[in-house]
Amino acid sequence: MSELILHHYPASPFAEKIRLMLGYRQLPWRSVHIPVVMPKPDLIALTGGYRRTPVAQVGADIYCDTALIARLLERLQPSPSLYPTDQAASANLLAQWADTSLFSAAVAYAFQPAGLQAMFGHLSPEQIAGFIEDRKEMRKGGTSQRMSLDQAWGALLNALPWLESQLAGGDSQPSYFCGPAATIADFAIYHPLWFIRRAGPLGALLDPYPHLNAWYARMSEFGHGPGEAMSSQDALAIARNATPVVLAQVDLRQVDGCAVGDQVTVSATDYGTDPVLGELVMSGVDEIVVRRQDERAGTLQVHFPRVGYRLAKQA
Ligand SMILES: N[C@@H](CCC(=O)N[C@@H](CS)C(=O)NCC(=O)O)C(=O)O
């Protein structure tokens with residue numbers, strides 16, 4: 001099997017979620033650094049339009065969104081599982097909440113002037129303005145708007161005591177959010193807090209929560225595992241020389257009116273909604289896959305989770 005390649009940049013919280021999972025599983029991986037803002041020509045050659053970070057690649061199969069990348073890692077190495085069946089609702093719903101509400105609050109909170117200074121102090125004013133403009137553009141056409149500071153702060157002051165209290169957990173004192181072992185929920189809660197901690201003095205918001213900080217330290221110890229650098233050119237060559245995997249024939253046309261074989265677009269609904277055009281080759285309960293051609297990357301299959309994405313049939 002082809003090696004696992006992660007397309008990412010160091011400052012991305014969602015990439016940190018996946019890097020930490022790679023460390024937890026001790027999976028070997030290759031690391032391709034992508035630009036922080038558009039344009040991202042080599043990444044787009046692989047995805048067909050999806051621009052968010054991170055993206056995973058195995059040969060000619062491209063996996064968008066960390067909800068799906070996390071399940072890919074589980075398939076590649078099923079043990080230890082991050083999806084305990086007896087905690088399915090708790091772990092998955094907590095993870096969904098953390099990846100959306102908690103993450104949005106963390107970003108709006110961390111992007112106060114003191115946080116921007118800590119994270120971007122080394123950049124020129126033009127670079128910072130370019131970053132802000134890029135993210136504004138990225139939200140156009142999506143359902144998710146940037147939270148105001150008071151909303152974000154309020155949401156965090158509300159949620160952090162919940163997190164602390166669950167870890168304090170009376171007599172049982174669980175090591176992780178859903179029990180004695182880490183689950184998908186832990187990794188999803190970790191990355192927004194990682195982002196707040198990078199925001200210089202604003203990180204002090206997390207100080208009053210000893211159980212949360214002890215959990216955070218345990219999580220950090222997983223590290224990132226053996227990730228070896230690769231160029232984006234080499235990643236494109238790997239895609240070009242590989243054949244996409246054979247997929248199960250799943251066709252859930254009653255859900256969205258799109259059938260396997262149709263030309264469709266797939267777009268995120270919240271932000272970064274750039275559509276990816278291709279032939280629908282799998283339409284499952286939790287995964288949508290389109291096949292597309294690219295001049296430089298050859299024939300590819302691009303995979304998305306279903307939740308948070310919209311399928312539209314093309315004439
Ligand atoms: N739901 C997506 C969200 C990913 C996301 O928002 N990533 C941020 C970086 S942490 C992003 O794409 N920012 C814009 C960019 O990198 O171009 C996922 O789970 O992968």
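Which of the 14 residues around the ligand come nearest?

1. The structure is a predicted model, in which local features need pLDDT of at least 70 and side-chain atom pairs count only at pLDDT 80 or more, while totals for chains, interfaces and linings use all residues. Residues are numbered from 1 along each chain as its sequence is written, and side-chain values use heavy atoms, with hydrogens and water left out.

2. Lys-40, Arg-51, Thr-53, Thr-66 and Tyr-271 come nearest among the 14 residues around the ligand (near: a heavy atom within 4 Å). The shell comprises six nonpolar, three polar and five charged residues (nonpolar: Ala, Val, Leu, Ile, Met, Phe, Trp, Tyr, Cys and Pro; charged: Asp, Glu, Lys and Arg; polar: the others, Gly among them). Helix H1 (13-25) and helix H6 (125-139) each contribute at least two residues to this shell (helices: DSSP runs of H or I, at least four residues, numbered from the N terminus).

3. An N or O atom in the side chain of Arg-51 lies 2.8 Å from an oxygen atom of the ligand. For the side chain of Asp-65, the corresponding distance to a ligand oxygen atom is 3.0 Å. A polar side-chain atom of Thr-66 is 2.6 Å from an oxygen atom of the ligand. The ligand taken alone exposes 500 Å², of which the protein buries 94% (Shrake-Rupley method, 1.4 Å probe).

4. The axes of helix H8 (residues 184-197) and helix H9 (residues 210-220) come within 11 Å and cross at roughly 100 degrees (axes: lines fitted to C-alpha atoms over the stretch in contact; angles: 0 to 180 degrees between N-to-C directions). H8 is therefore roughly perpendicular to H9 (65 to 115 degrees).

Terms used
Parallel < 35°, antiparallel > 145°, perpendicular 65-115°, else oblique. Polar contact = N/O pair within 3.5 Å; in protein donor to acceptor, adjacent residues only side chain to side chain.
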